[in-house]
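Good morning, and thank you for the time.

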Amino acid sequence: MKISIITVCYNSDDYIKQSIESVINQDYKNIEYIIVDGNSQDNTKKIIANYSSGITKFISEPDHGIYNAMNKGVKLASGDYIYFLGSDDYLIDNQVISDVVNFINKNPKYEFVYGNIEVRSSTNSSYIHKPPKPDNVLEELICGCLPHQASFSHYSLFDSQKVGLFSEKYKSASDYEWFVKVATFISENGKQLGYFNRLIASYNSEGTSSNIENALTEMFEIQNNTPIYQQERWLKFRINKYQQVLISPNGYWELNRTKIDDNQGNSLERKINYLQTEIKAMESSKFWKLRTAWFKLKKLFGLTSS
């Protein structure tokens, strides 16, 4: 089984050495390693050149954003499964790919396999994120995302007759949209997701996709364009999820408590009461009204400049 590992990068000389070494040091050798560079202006290309013997394909040219670069990588790939490793992320140990391949060989019915990641940043201690089991993925995708740093996709999923390539219209959430499409395609076609309870990679949580304002806005739009999420039970579930995440100061979107307690005399308690009132009203309304309420909530929490 051939595994295609794709790294897209631009001006990544602070991190990419560790990312590359984590791939070329794998004990599994049937790896096609593809690097797509957006014509970096720092030392990224020089660092990559130092590892040319371990890199199968390398292109460096201007692109139209990260998802355009990821699509270029998919088109270059010839592996049975495709895996994306960020230029500031790295595989957690040298046996990751061989263990994933063994798992897939034992479970050939899985077209999409995902595992766990270490989440790290420069300001907080790292922690291990374990995604939900397959039966709960659609629920997770209401306010969360599967980690593409721990996801292996059968090449056929990128065919337009199944899920297709990444949309290039979004700045932060096209991988999220792709996962929503994967989850719905698999659920509607009798396929199966595979969860491998194994730590796959270390993920830098300070990248572009972690911009909360962009991500929340795009996620909301994607859900509104996903037919399964328009079903009555999913509409209600979405409202309940928003309630849990927005009201809880320690929710896993982790809205900044200092930002909530602004200097306009609006206490946290008052804002929480306001949210509770807003969301209770949403539950008795048609779901299209939630979009208007959503932007009110964004403004309340300082997530928009208007």
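The accessible surface of the protein comes to about 15000 Å², and carbon and sulfur atoms account for 46% of that area. Please bear in mind throughout that this is a predicted model. The protein has 306 residues, of which 52% are buried. Its secondary structure consists of eleven helices and nine strands. As for contacts between residues at least 6 apart in sequence, 74% of them join residues at least 24 apart.

Let me turn to strand 9, residues 192–204. Ten of the 13 residues in this strand are buried. Which strands pair with strand 9? Strand 6, residues 110–120, runs parallel to strand 9 and is joined to it by nine bridges. Strand 5, residues 90–91, pairs with strand 9 in the antiparallel sense, over two bridges. S202 in strand 9 has Y90 opposite it, and E118 also stands opposite S202.

I come now to the interior. In soluble globular proteins, nonpolar side chains tend to be buried together. Here the largest nonpolar core holds 42 residues, and those touching the most other members are I6, F84, F112, L141, W178 and Y229. Helix 6, residues 174–188, supplies the largest share of this core, with eight residues. There is also a second, separate core of 34 residues, whose members include I5, I31, Y81 and V101.

Finally, consider F112. Beyond its neighbours within four places in sequence, the contacts of F112 include W178, F179, V182 and I186. Among its other contacts are Q192, L193 and G194, as well as L146 and L157.

Definitions and conventions: Residues numbered from 1 in each chain as written. Predicted model: local features only at pLDDT ≥ 70, side-chain atom pairs only at ≥ 80, totals over all residues. Heavy atoms only, no water. Buried < 20%, exposed > 50% of the residue type's maximum accessible area, 1.4 Å probe, protein only. Helix = DSSP H or I, 4+ residues; strand = E, 2+ residues; numbered from the N terminus. Pairing = 2+ DSSP bridges. Core = buried A, V, L, I, M, F, W, Y, C linked by side-chain atoms within 4.5 Å. Contact = heavy atoms within 4.5 Å. Areas by Shrake-Rupley, 256 points an atom, 1.4 Å probe, with all protein chains shown as cover.
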